Amino acid sequence: MRVLLVLLTLVMLVTGPAPATGEPAAALGLGFDLDAATIPELQHRMDRGRLTAVGLTVAYLGRIAAVDGKIHSVTALNRRAIAEAAASDARRRAGRTLGPLDGIPVLLKDNVDTREMPTTAGSRALARSRPAADAHLVDRLQRAGAVLLGKLNLSEWANFRSTRSTSGWSGVGGQTNNPHVLDRNPCGSSSGSGAAIAATLAQVAIGTETDGSIVCPSSANGIVGHKPTLGLVSRTGVVPISAQQDTAGPMTRSVVDSAITLSVLQGRDPADPATRAIPAGQPRDYAALLRPDALRGKRIGIWRLSGVDADVDRVVNDAVRTLRARGATVVDVDLPFQDEINENEFPALLTEFRRDLNAYLAARPGGPDTLAELIEFNRNDPIELSKFGQELFEASEAAPRPDDPVYLQRREIATTSAKRSIDETMAAHRLDAIMAPSNAPAWRTNYETGDTFSLGSSGPAAVAGYPNVTVPAGFAGPLPIGVSFFAGRWADGDVLALAAAFERATNAFRPPRFIPTIG
């Protein structure tokens, strides 16, 4: 935190007084609208000498100074960020840029290992220990020339600690707020990632998902989020819940930025067996697949989840009209096997969490070595249990072992049912993808009741390990509503292309206004 304050003070001295909270990012003095700028546009400006990586990094640091006091998304800043940006500028002057992410500021969810910045998963138990190495995905970002700007708050332990948790709260970072309406929840667990990108605190954030933790905060904060196919992005150095479902992915204000970032993140890692399955023919440049007419001639299944929220129903109906107007054929579908997924996923995750977290902790120096030690730490800490309990920790500690036949059967049923729910629906209706509402509008943050989810569509793709892209689609008053495009294994390029064409047709992204509350 001391580094955060010092860096922000230096930025204020360089840039002058910060703009008033809620003022558009264009007011930072760059001469263009940073809210709407895409990575290709920024690279074009840098190539022509109208922008530098240092100038862009300083602008984002200034934006953090201006805005983050309202949303509390950033937990740490990289003391080397400006030096990394200066190195990018030097490469550009020498004609040796490393690709489209060179010089682009990126924020990381605080469950992604970094040696130079704290990695806590939001827990005070990890505040004094440091990972021995950067996460594999961090190494890929650095090799691509990205400027690592800092770390972001999350729902503590990726929202796998309590049955009554409140998304966006952690013992380390406190409560992250939704920038559209500050007393509304940012969803989770990539809460800080969603809020920070909506508020234009970086160009890209990295989130992680087990089930909904990229999709929900992206939708709730009105941005694009891509949960990749399981195995496309290495999980080495990411604090785990379950190797059967975990993945990291990009969260951005535009589909093209997510596509560019995914191209950097993806790749085989000897330490993560899931990455060995990446097909030889998997696209290497997802941005090259994005076409304005990508929806024309496609068959899109519509999983409406209707009757729960009138605003969601309205936005879905509008989205269907957009799909038809852009030349797609739409087919209403109901995904089967939802009961089988829901009944088996959670018990399986309890076993997998203890197995995978214990393995992560054992390899990390200077902190608790087991889930049991974390449970005991929380019982003795004055902050950790102040908002909600640790029922999931305790249930996981008591869950069946990984070789238990009941556990193995539950995992098999959950994963197979999720795959069948998508694969069989797409085959039966000859679909190119399925579209569904990502989530209902953000609820009011309330520690007495915890999160109040009313609907979500992330489950089938999350449990199957299939790709899912959420994109802004509309609003309920000032609160964003997104729709998701998902399809079969390794179809990341397909769903990104469909989402980009939809984004182009709707232009639904809207910068937040930092409204204190609504009725």
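What covers the buried residues of α12? The cover includes α6 (156–159), α11 (338–362) and α13 (391–397). Helices here are DSSP runs (H or I, at least four residues), numbered from the N terminus. This is a predicted model, in which local features need pLDDT of at least 70 and side-chain atom pairs count only at pLDDT 80 or more, while totals for chains, interfaces and linings use all residues. Residues are numbered from 1 along each chain as its sequence is written, and side-chain values use heavy atoms, leaving out hydrogens and water.

**Confidence**

- The protein chain has an average pLDDT of 95 (the predictor's confidence in each residue, from 0 to 100), and 95% of the residues score at least 70.
- Residues 1–6 have a pLDDT below 50, and this stretch makes six contacts beyond near neighbours in sequence (contact means heavy atoms within 4.5 Å).
- Residues 11–21 also have a pLDDT below 50, with 16 contacts beyond near neighbours in sequence.

**Helix α12 and its buried side**

- Helix α12 spans residues 371–380, and its residues Leu371, Leu374, Ile375 and Asn378 are buried.
- Buried means under 20% relative accessible area, exposed means over 50%, and partly exposed is in between (1.4 Å probe, protein chains only).
- These four residues of α12 sit on the same side of the helix, because they cover an arc of only 100° around the axis; the arc is that of the directions from the helix axis to the C-beta atoms.

- Glutamine 390 lies in the loop between α12 and α13, and it counts as buried at 3% relative accessibility.
- A polar atom of the glutamine 390 side chain is 3.2 Å from the backbone oxygen of isoleucine 375.
- Not counting residues up to four places away in sequence, glutamine 390 touches residues including Leu374, Ile375 and Asn378.
- Aspartate 403 is in the loop between α13 and α14 (405–429), and it is exposed, with a relative accessible area of 62%.
- Aspartate 403 and threonine 351 are 52 residues apart along the chain, and their C-alpha atoms are separated by 9.7 Å.

**Nonpolar cores**

- A nonpolar core is a set of buried Ala, Val, Leu, Ile, Met, Phe, Trp, Tyr and Cys residues joined through side-chain atoms within 4.5 Å.
- The largest one has 117 residues, of which Leu137, Leu141, Leu323, Met435 and Phe485 touch the most other members.
- A second, separate core of 20 residues includes Ala125, Leu350, Tyr360 and Leu371.

Key. Helix = DSSP H or I, 4+ residues; strand = E, 2+ residues; numbered from the N terminus. Polar contact = N/O pair within 3.5 Å; in protein donor to acceptor, adjacent residues only side chain to side chain.
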